[in-house]
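Work through the exercises below with the model open beside the text. Each task is followed by a solution in steps.

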Amino acid sequence: MATMNPPANERRHIPERRMSVNITRGASLTAMDWAAMVLMIVGAVNWGLLGAIDVNFLTTLFGEQTALTRIVYVVVGLAGLYGIYQLAKFSRR
């Protein structure tokens, strides 16, 4: 007697499909996530320019030790801390 072929829709494939659905749902970024990402990129570019060619982009734009420069530094630092929080949140998933 011939053996039957296993069904095409095996049970072991179901968790993989569920996992991909959860990944796509959790991948959307909020406006705050995007703002933090842009600020982190600005900070990274500033550090890159400072290390490579000794040019501080923010002090070139706003002047040295002005209130605006210090505010931008603080906001970029807060964005970095928010990025660490987001990374920890994503790694728990």
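The model used here is predicted.

**Exercise 1.** Describe how helices H2 and H4 pack: at what angle, and with which residues?

Solution. 
- Step 1. Take the ranges: H2 covers residues 31–53 and H4 covers residues 67–92.
- Step 2. Read the geometry. The axes are 8 Å apart and the angle is about 120 degrees.
- Step 3. Assign the class. Angles of 65 to 115 degrees count as roughly perpendicular and those over 145 as roughly antiparallel, so H2 and H4 are oblique to each other. Their crossing is left-handed.
- Step 4. Name the residues. H2 contributes Met 32, Asp 33, Ala 36, Leu 39, Met 40, Gly 43 and Asn 46; from H4 come Tyr 73, Val 75, Val 76, Ala 79, Gly 80, Tyr 82, Gly 83 and Gln 86.
- Step 5. Sort them by type. The contact of H2 with H4 has 9 nonpolar, 5 polar and 1 charged residues.
- Step 6. Tyr 82 is in helix H4 and touches Thr 30, Met 32, Asp 33 and Ala 36, residues up to four places away in sequence not being counted. Tyr 82 and Met 32 are 50 residues apart in sequence, with 9.4 Å from C-alpha to C-alpha.

**Exercise 2.** Is Thr 69 buried or exposed, and what does Thr 69 touch?

Solution. 
- Step 1. Thr 69 lies in helix H4.
- Step 2. Its relative accessible area is 1%, so Thr 69 is buried.
- Step 3. Beyond four places in sequence, Thr 69 touches Leu 58, Thr 59, Phe 62 and Gly 63.

**Exercise 3.** Examine the backbone of Asp 54 and Gln 65: where do they lie, and what is phi?

Solution. 
- Step 1. Asp 54 is in the loop between H2 and helix H3 (57–62). Gln 65 is in the loop between H3 and H4.
- Step 2. Asp 54 is not a glycine, yet its phi is positive, about 55 degrees. Gln 65, also not a glycine, has a positive phi of about 55 degrees.
- Step 3. Asp 54 has a relative accessible area of 64% and is therefore exposed. For Gln 65 the value is 62%, so Gln 65 is exposed.

**Exercise 4.** Summarise the chain: how many helices and strands does it have?

Solution. 
- Step 1. The protein chain has 4 helices and 0 strands, in the pattern α-α-α-α.
- Step 2. Of its 93 residues, 15% count as buried.
- Step 3. Among contacts with a separation of 6 or more, 47% are between residues 24 or more positions apart.

How values were computed
Residues numbered from 1 in each chain as written. Predicted model: local features only at pLDDT ≥ 70, side-chain atom pairs only at ≥ 80, totals over all residues. Heavy atoms only, no water. Axes fitted to C-alpha atoms, helices over the stretch in contact; angles between N-to-C directions. Helix = DSSP H or I, 4+ residues; strand = E, 2+ residues; numbered from the N terminus. Parallel < 35°, antiparallel > 145°, perpendicular 65-115°, else oblique. Left-handed = near helix turned anticlockwise from the far one by under 90°. Contact = heavy atoms within 4.5 Å. Nonpolar A, V, L, I, M, F, W, Y, C, P; charged D, E, K, R; others polar. Buried < 20%, exposed > 50% of the residue type's maximum accessible area, 1.4 Å probe, protein only.
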